[in-house]
Number of protein chains: 4
Amino acid sequence: MAGSSLGIIFQLTTWGESHGAALGVVVDGCPAGLHLNEGDIQTYLNRRKPGQTKISTPRKEADDVQILSGIFEGKTTGTPISMLVKNTSQHSGDYREIAGYYRPGHADYTFDQKYGFRDYRGGGRSSGRETIGRVAAGAVAAKVLSQFGIQLCAYTKSIGPITVSMENFDRKAILETPTAMPDRNASSLAEKYLADCMKDYDSAGGVIECVIDGVPAGLGDPVFEKLDANLAKAVMSIGAVKAVEIGDGTDVSLHHGSTNNDSFRIQDGRIVKASNHAGGILGGISDGSRIILRAHVKPTPSIFSPQQTVNQQGEEIEISIKGRHDPIIVPRAVVVVESMAAITILDALMVNASARIENLKKIYTT
Amino acid sequence: MAGSSLGIIFQLTTWGESHGAALGVVVDGCPAGLHLNEGDIQTYLNRRKPGQTKISTPRKEADDVQILSGIFEGKTTGTPISMLVKNTSQHSGDYREIAGYYRPGHADYTFDQKYGFRDYRGGGRSSGRETIGRVAAGAVAAKVLSQFGIQLCAYTKSIGPITVSMENFDRKAILETPTAMPDRNASSLAEKYLADCMKDYDSAGGVIECVIDGVPAGLGDPVFEKLDANLAKAVMSIGAVKAVEIGDGTDVSLHHGSTNNDSFRIQDGRIVKASNHAGGILGGISDGSRIILRAHVKPTPSIFSPQQTVNQQGEEIEISIKGRHDPIIVPRAVVVVESMAAITILDALMVNASARIENLKKIYTT
Amino acid sequence: MAGSSLGIIFQLTTWGESHGAALGVVVDGCPAGLHLNEGDIQTYLNRRKPGQTKISTPRKEADDVQILSGIFEGKTTGTPISMLVKNTSQHSGDYREIAGYYRPGHADYTFDQKYGFRDYRGGGRSSGRETIGRVAAGAVAAKVLSQFGIQLCAYTKSIGPITVSMENFDRKAILETPTAMPDRNASSLAEKYLADCMKDYDSAGGVIECVIDGVPAGLGDPVFEKLDANLAKAVMSIGAVKAVEIGDGTDVSLHHGSTNNDSFRIQDGRIVKASNHAGGILGGISDGSRIILRAHVKPTPSIFSPQQTVNQQGEEIEISIKGRHDPIIVPRAVVVVESMAAITILDALMVNASARIENLKKIYTT
Amino acid sequence: MAGSSLGIIFQLTTWGESHGAALGVVVDGCPAGLHLNEGDIQTYLNRRKPGQTKISTPRKEADDVQILSGIFEGKTTGTPISMLVKNTSQHSGDYREIAGYYRPGHADYTFDQKYGFRDYRGGGRSSGRETIGRVAAGAVAAKVLSQFGIQLCAYTKSIGPITVSMENFDRKAILETPTAMPDRNASSLAEKYLADCMKDYDSAGGVIECVIDGVPAGLGDPVFEKLDANLAKAVMSIGAVKAVEIGDGTDVSLHHGSTNNDSFRIQDGRIVKASNHAGGILGGISDGSRIILRAHVKPTPSIFSPQQTVNQQGEEIEISIKGRHDPIIVPRAVVVVESMAAITILDALMVNASARIENLKKIYTT
C-alpha cells in the first residue's frame, strides 16, 4: 500500500494536511447494521481538540465532523464511511518563515529528502492534525467493539517524572483533568511540572497506557499478523511515539521465567490466568485477559527556546520557533492511542471470524 | 493477509511447524540480478542454530538450507525464492504429555482457543523454529541491502541485569561469545548469571539492539507505513518480544524538547544531525543517520521448576516441563531481529523507488 | 481489503452513494512532483457527465470536482489526494417505491442478501455514479503516464449490432459523437438504433475498446499480478461489464499457433513484433507494443417496459421502472474503462521500478 | 504484493520453475478443522498431469505431492499448508538452444526485458508447470467449499470450431475423454481436429467453461473486490487465457435490457431468478444461482513448423521448435480454471463472514 491505509478487513484510509481545505478518513469494511451518527464520532474528536486547557495550544478549531457516505437510516450499510473535518483556524502566514529551514525533531528534512519538496504549512501531512482521521475511524471501531462487550480505556500514565498511582485510579478523571490522567493528585503535580517547562520555553514527554477489557481469546494471526505486532505498528505509527510495550514490556528482561510466566487456573468454571505479565497476548493471540499496552511519547519538538539548524541553502542558522504549540503531546494523544488500539482489535476480530470451519458453518448454514 | 506473509514489494511467506517434515520460506519480489547461493543463507541460519554453546538447548539440528527456486546461473531471477530446512532432530514423544495441558507463557491455550485444537509437538507453529524462515529471508534482504552500502548489526545489549558497555564495543565478539554480546567482559558476567538461572531450573530475559548504517534518507511512507511502525511490527512479531524502542525509546518521556531534539548542522558539505536521539527516523522516514532499535525479550517460558496450570479437562494441575530448552532466548534471537530489520528496510527501499516522478524518469527514460 | 481500494503502490479508495451528500476518492501513492489541478480532473469527469446528449439520462449534474489534499503549489506532494464531487440533482422521492422490491438486473437483491438491508436511493453504492471516483483517479494516473509517453485511448467499438470500422478511425469523433464512437458514420447508425430501443422502452449493450500506446516492455508481475490479469479485474469491476478480452481475445480459440503467434523482427534497430494478436502482453508482461483490451457491456437494466419481479414480502409482482435512465451505458462508460486501464498500468509501472538491482542503483546511487 | 500471492484471507503463494528442483505452493489462511490428506490434492493434480493421452505432451512426470506443514492428525490446523512437487523429467539440454532467441508467443522476450535475463529452461517461471501450485491450492479450496455444499465443475466447451452440445452433457465424460469435454461425440470430433493440427505441425485453441453450484447469495465486495472482478483476474492470470466471460458474456452487447434482465420469482418459498443471463452475479455479488464463467485459451505457442524471430544479438532468424509439447493447452487447463475459481469463491466466502454485525454475533456470542 501507499502508506495511508491500514487494516485487512476493517480498513481505514486517511488523508489531509494541517493547512489544506480539510482532513478526513474513509473507513471501509465496517460491518453493516451498526447504529452510528456524527455524535458518536464527535465525542471522540472532542477529546483531541486543541484549545481546551492551559497545557494545550491556544489554537481553536471546531473540528466538526461530517459523515458523507456509508450510513443510511441511521445504520452502517457495509459500504465505505467517508468522514471529513474542515480546517478553519490556519494561520499559514506563521509558517512562511519555516519554509526555508529544517526544524529539529520535525519531519521537514525527511519529507524534503523523500519527495523533493514539502507542504511546509503547519507540518503538512506530518502535522498532529493528521490524527483526526485516525480518531474518527477509532470511534467507529470502538462502537462496533462495544457490541461485543469490548471496552477500551487509554490514559496518561506519566508526564516527565510524574507517574499516576493505580491505587488512585479514577476513570472519570481521564476526561476531566487537563492531563488525561486517571489520578487527580498526579495530574496536579504534572500540571505544575508542565508550567515550569513552559516558563523555560521548553516541552515535556510522557507515557500513555491503554487497557482493553472483554477481548475474546483467539484474536491475532501467527506469525506476522500477531495481535501484539499489529498493535505495535498501529501505535508506533502515531507521530512522536518512540517505544511500545505490551504487558510488562521492558521489565521482562529483568525477570525470570518463574516470575514472568502467568499460571492458568480455573475460576467460575472458566480458564483464567492468575497474573497478567503477558498483557493479554500469548503467542501473538489474545488470551481472554485484559490487554495492556503503553506508548512512550517524545517531548513536543516545537519549542520557543533557540535551536541550531540548517536552511535549504545549506547554511547553519539559529532559529526560534513561533506560533501556537502544545508543551506536551501526551494528553491529546491519549484518544489517538485508544483509537489505534480499537482499529487493530476490530480488524483482528473480523479476520478471526473465518479461522475455523465450524465458525463458517455458523454463518453459512441456515 | 492470512498472517504468514509480510511486506509490500519484498514479501516473505513462512511456513512450517517444529515437528513437521520441514520449515521454509518463500521470498517473493527480490530484485533480479543479485548473486546468491546457499552459503549466503547458511551463514545467517548458523547464527540461530541450537546446540552450539552451554547456554543453548543441547538439541542438535543441522538446519541445512536448500534453495528450490528463483536462482539461475547463480543470480536471482526476480521470481520467488523458495527455501527449505528439514526437521531432523524431533523427539515428538517428549511432547505427548503436554498435549493435554496448557504450558504457562506459551501459546498452547491461545492456539486451542483460536483453532479448536493444536499441533502440540514442540509448540507447532509457535515454536522458535518458525524463525528459520525469517532468518533465511533476512539473509537475502541483507545481501541486497549490502549492494547499497547498508549494513546491519544486531547484538545482545543486556541479559538480566548485565548490560554491555558501548565503550568496550567489539564487533567480532558478537559472533564469538555464547551470549552474542559485543563486550567480552559483560558476556562473561552474563554467562555466570545464566549458569545461576539454570541451577535454579529457571530462565532469563534480555535486550537485543540493532543498528543500521548507510540507510539513505527518505525511506518509510507516512502515515501507517512509517519505517519505525513497520520495524516495530516486524520485531514485535518475533515470539517473546514484549517491547520495541526506536532511538532513545522509553527515555524520551523524561526528556525535554531542548534535550531530545537533534540539531541539524553541516559536515563535509552535507546536512547531518549533531546527535541521534531520534534513532535515525523522523516523521516515520529515515533521516540518513544510524537507525537504532531495541527489542525486549521475555525469559524462556519453558522452565524445569514446577508450575501451576490447568489441563484440557479443566482441572488445576502442577506440571514440570521436560525436554531440551534454552535458558535464554536472546542470543539466538539476535540474528532474527537483524533479519526482520533487514526485511523491513529493504521493502521500504523498494517501495520508495517510485516516490517521485523524477525517480521514475531515471528508470523509464532510456 | 474491504473492497473499495485498488492498487499496490498507486492506490485508490473510492466512496459514496448515488444519493448521499457526495462521492469521492482518495488517491494514495501518487508520485511527488506532478503538476496537477482541478482542470485536469474535470476534463475527465466531463466525459462521463450525464445530461449532455439525447442518448443519456436527462438528469443534469454539475459534477464539479474539489481537490482537498495532496497538492501544494500546483504539484503533487506524494501524500494522499482527496477529491470530492457533491451530489446535487438527487430526486430521492423517485426511489421510495423501489425500496420494497428487487429490480431485475440490478444489485438490489444481492445487497440485501449481503448486508441485511440497503440504501435503495438510486442504487446507493451500486449506482453508476460510483465511477466518479474511478474517473477522478484515472485522470491523475493518465497525467502521470503522459510524463512517460504513455497514451490511452478508449472508445465505443460497437452498440448492439453496429460496429465501427477501424478504417474510418477518427479520434476526434470519440469526444464529439454522442456514442463516443471514432467513426461518425457508425455513430449515426447507432443513434438510430438507440432511438428505436427508446421507442420500445428498452435498452441496448455494446463494446468498449481501449488501446494504450507507449507502454515500455516489462510491466506486470508473474504469476498473479500479471498485467492482463489486473486489467481484467479493473475492467470487470466496472458495473455492467460481463466480459473482458485482451488482444484477439475470444477469437484465439479458433486460431492455430501458426496464425496466432506474433513473430519478432528488427525495425530501426529495435526488436518489434510483426503482428499483435497478443494485444501487447506476453506471459502477463507488457511487450512494448500497443496494449489492446475490450469490455462487453450489458444493456442498461433500468427499462421502462413492464417486468416481473418479487417484493421484500416475497410476493410476485409486475413493475414498471420510472425515473431518468440512459438507454445505453456504453458511451459514458468509455472514460471509465480508460481510467481503470490507466490506474492499472501506472501501478504496474511503479511496482516494476524495483524489479532489478540495476534499476534500484539508478535511484540510490548519487 | 510481489506477484506470486493471491487472496485476502485464503491466500496462496506459488513458487517454482519448470526445470528447477521442485515447484510448490503455500496455502495460508485455510480454516482449521478440515480433514485433508495428500490424496485430496493428488486427485486434482492428476487431472493436469502430462503424458496421459495422445493429445498431451509425451513428457511423463509423476507430479506426486508432499504436504510439508499445516496438517496435524489428519486435519488442517489453521497454519500454512506447504505443498511441494518435485521436477523429475527435465531435459534441460533441449533448451540450451532457445537460450539465445525469443520464441514467438512465449514470455522469453518480456522476461528478459523485465528482469535483464531469464531462466530459459522450459520457460522457467512462465512454464505451464507453474500451475501445479494453483491446482494444489485449488484442491484445498474445493474441499473447504464442499463443506458448504458448493460444487465446481469445469470442462472444455470448445476446441477450435468444435463445440460441445449441452444437451449431450455427460459429467463423467469430462474425466474420461482426452479433451475433457462433457460430450463424447464432440470429443471425438475434436480429437480428429487436433490430429490434423499435429499433422500440420500446428496447434489449436479452445474455450473452458466452469459452473459453480450452491454458492450462497452475498459473496463479493463492491466495488473492486467484486466476485466477477476477482474471478476475471484469477482466470486471466492463467497463462494463455486471452478473454474471460461471466454469464452471457460477450453476447450481452447484442441483447436488450428486456431480454438480458433476469426476472425474480418465488419458487418453493424462496426468491429465485427465472433465467440466468447474469451468470449468478449481480452488482459483483453472488445472487444464489449458478455461477458461470468461460475462459478463452490461445493455441499452444510452441509449434514445430518454422517461425520468424530474432535472437539476443538482434538478428532476424528462422527457428523450428523442438521438444515435447501439447498441441492444445485446453484439456489440461480445465482443472486450473476450476482451481482458480475455487480459490476465488472461498476467499470471498471467508471475507464475507464478517460483513454484518449479526454474522459476527453468531461467532462471538457464546
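In chain A of this predicted model, five strands make up an open sheet in the order S1-S2-S3-S7-S4, and their pairing is antiparallel. Here two strands pair if DSSP finds at least two bridges between them, and the elements themselves are DSSP runs numbered from the N terminus, with helices (H or I) of at least four residues and strands (E) of at least two. Strand S1 (5-6) and strand S4 (65-67) of chain A stand at the edges with a single partner strand each, so one side of each has no neighbour in the sheet. S1(A) runs antiparallel to strand S2 (residues 11-16) of chain A, and 2 bridges join them; Leu6(A) has Leu12(A) in S2(A) as its bridge partner. Helix H3 (residues 131-146) of chain A packs on this sheet, where it touches S2, strand S3 (22-28) and strand S7 (81-86) of chain A. The direction of H3(A) makes about 35° with that of S3(A). Such angles run from 0 to 180 degrees between N-to-C directions, with axes fitted as lines to C-alpha atoms, for helices over the stretch in contact.

Chain C also has an open sheet of 5 strands, in the order S1-S2-S3-S7-S4 with antiparallel pairing. Its edge strands are S1 (5-6) and S4 (65-67) of chain C, each of which pairs on one side only. Within this sheet, strand S2 (residues 11-16) and strand S3 (residues 22-28) of chain C run antiparallel and are joined by 6 bridges, with Gly16(C) opposite Leu23(C) in S3(C). Helix H3 (residues 131-146) of chain C lies across S2, S3 and strand S7 (81-86) of chain C, at about 35° to S3(C).

Turning to the interfaces, 102 residues from chain B and 102 residues from chain A take part in the contact between these chains, where contact means heavy atoms within 4.5 Å. Together the two chains bury about 8,100 Å², 60% of it on carbon and sulfur atoms. Buried area is the accessible area (1.4 Å probe) that two parts lose on being put together, summed over both. On the chain B side, Lys114(B), Phe224(B) and Lys242(B) lose the most area to chain A, together 11% of what that side buries.

What joins chains B and A through charged side chains? There are 4 salt bridges between chain B and chain A, a salt bridge being a side-chain nitrogen of Lys or Arg within 4 Å of a carboxyl oxygen of Asp or Glu. Asp221(B) and Lys114(A) form a salt bridge through their side chains, at 3.3 Å from N to O. Helix H2 (residues 108-115) of chain B gives the most to the side that touches chain A, with 7 residues. That side of chain B divides into 45 nonpolar, 37 polar and 20 charged residues. In this scheme Ala, Val, Leu, Ile, Met, Phe, Trp, Tyr, Cys and Pro are nonpolar, Asp, Glu, Lys and Arg are charged, and the others, Gly among them, are polar. The two chains also share strand pairing: S11 (residues 241-246) of chain A and S11 (residues 241-246) of chain B pair in the antiparallel sense over 3 bridges, and Ala243(A) stands opposite Glu245(B).

Between chains C and B, 26 residues of chain C are in contact with 26 residues of chain B. About 2,400 Å² is buried between them, 71% of it on carbon and sulfur atoms. This interface has 0 salt bridges and 8 residue pairs in polar contact. Helix H8 (330-352) and helix H9 (357-364) of chain C are the elements that give two or more residues to the side touching chain B, and H9(C) supplies the largest share, 7 residues. By class, this side of chain C has 18 nonpolar, 5 polar and 3 charged residues.

Over all chains, the whole structure holds 92 salt bridges. In one of them, the side chains of Lys143(B) and Asp40(B) meet at 3.1 Å, N to O. Lys143(B) lies in helix H3 (residues 131-146) and Asp40(B) in helix H1 (residues 38-48) of chain B, so the pair ties together parts that are 103 residues apart in sequence.

Residues are numbered from 1 along each chain as its sequence is written, while chains are lettered from A and ligands numbered from 1 in the order in which they are written. Local features need pLDDT of at least 70, side-chain atom pairs count only at pLDDT 80 or more, and totals for chains, interfaces and linings use all residues, while side-chain values use heavy atoms, with hydrogens and water left out.

Conventions
Polar contact = N/O pair within 3.5 Å; in protein donor to acceptor, adjacent residues only side chain to side chain.
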